[in-house]
Amino acid sequence: MALRAAGRQSLVDTVVDQLRAQVGAGEWRVGERIPTEHALAEQLQVGRNTVREAVRVLVHAGMLRSRQGEGTFVVSMADPAEIMRGVQRAGVRDVLELRIALEVEAARLAAVRHEPADLERMRAALDAQTAFEDPEGQPDSGSLELYADHDVAFHRAVVEAAHNSALTATYGWFSSSVREALVTALGDREMPRIVHGDHHDLMTAIASGDPEAAARAARLLLERPKRAVESLLPES
């Protein structure tokens, strides 16, 4: 099966796409060794250097793993980078639903595991946010992105206060989508006004050490904009 680069796409990119598709289709299962560079080069009718570069891309993406002297093995049938690009393209409602799933549990854990420095970071983010508010306490129309940066910093501080490295890493990948959705929502006049009390209530609940109160506060904070988004969507 000979491959040709399509348009501006390089031959390496074309091989990456082909190998990603083959792994995703289960041609080689998780834990199974993929064919050698020589075999893949013959199968795809490309040079071994091209195959080597394509495999390196998929190793870096987390789909494959090379073992010295043993070969290259499948470790995931899904490309994490593709998954994250899908998340970034998700709508505001999708982002809010995922935020609820992550942040409610993070708040519950943070109530039990937080340290004084965690609360200081939350407080500092909220204090910094006030510099970008209008006289009515709402985000200044000329500073929406800066305002969003501090809001995301607050929520990241909440997640980091859970002291769960996997949760922190996941939210770190996801935070760019959180910021993008937030900037979109802040510029939409039909979205609800920011309620600062919700953020302070969440911080207070975490500081109190009550995990259920913290979880409720986190859910309340995010359910409000989610309901607003749902009310604006056309009925299916």
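Author: Ala, Val, Leu, Ile, Met, Phe, Trp, Tyr, Cys and Pro count here as nonpolar, Asp, Glu, Lys and Arg as charged, and the others, Gly among them, as polar. By these classes, the lining of the second largest pocket has six charged, four polar and three nonpolar residues. The model is a predicted one.

Two or more lining residues come from each of helix 3 (48–61), strand 1 (64–67) and strand 2 (71–74). Helix 3 gives the largest share, three residues.

A cavity is found elsewhere in the description. The search of the whole structure finds one cavity of 30 Å³ or more, and the volume of the largest cavity is about 30 Å³. Arg156, Val159, Glu160, Thr168, Tyr171 and Gly172 line the largest cavity; helix 7 and helix 8 (165–186) each supply at least two of its lining residues. By class, that lining has two charged, two polar and two nonpolar residues.

Helix 7 (residues 144–160) also meets helix 5 (residues 92–113): their axes come within 7 Å and cross at roughly 55°, which makes helix 5 oblique to helix 7. On the helix 5 side the contact involves Arg99, Glu103, Ala106, Ala107 and Ala110, and on the helix 7 side His155, Val158 and Val159. Five of the residues in this contact are nonpolar, one is polar and two are charged.

How values were computed
Residues are numbered from 1 along each chain as its sequence is written. This is a predicted model: local features need pLDDT of at least 70, side-chain atom pairs count only at pLDDT 80 or more; totals for chains, interfaces and linings use all residues. Side-chain values use heavy atoms; hydrogens and water are left out. Axes are lines fitted to C-alpha atoms, for helices over the stretch in contact, and angles run from 0 to 180 degrees between N-to-C directions. Helices (H or I, at least four residues) and strands (E, at least two) are DSSP runs, numbered from the N terminus. Angles under 35 degrees count as roughly parallel, over 145 as roughly antiparallel, 65 to 115 as roughly perpendicular and the rest as oblique. Contact means heavy atoms within 4.5 Å. On a 1 Å grid over the protein atoms alone, a cavity is a set of points where a 1.4 Å probe fits but cannot get out, and a pocket is an open set with protein on both sides within 12 Å along at least five of seven lines; lining residues have an atom within 4 Å of a point. Grid points are joined across faces, edges and corners, and a volume is the space filled by probe spheres set on the points.
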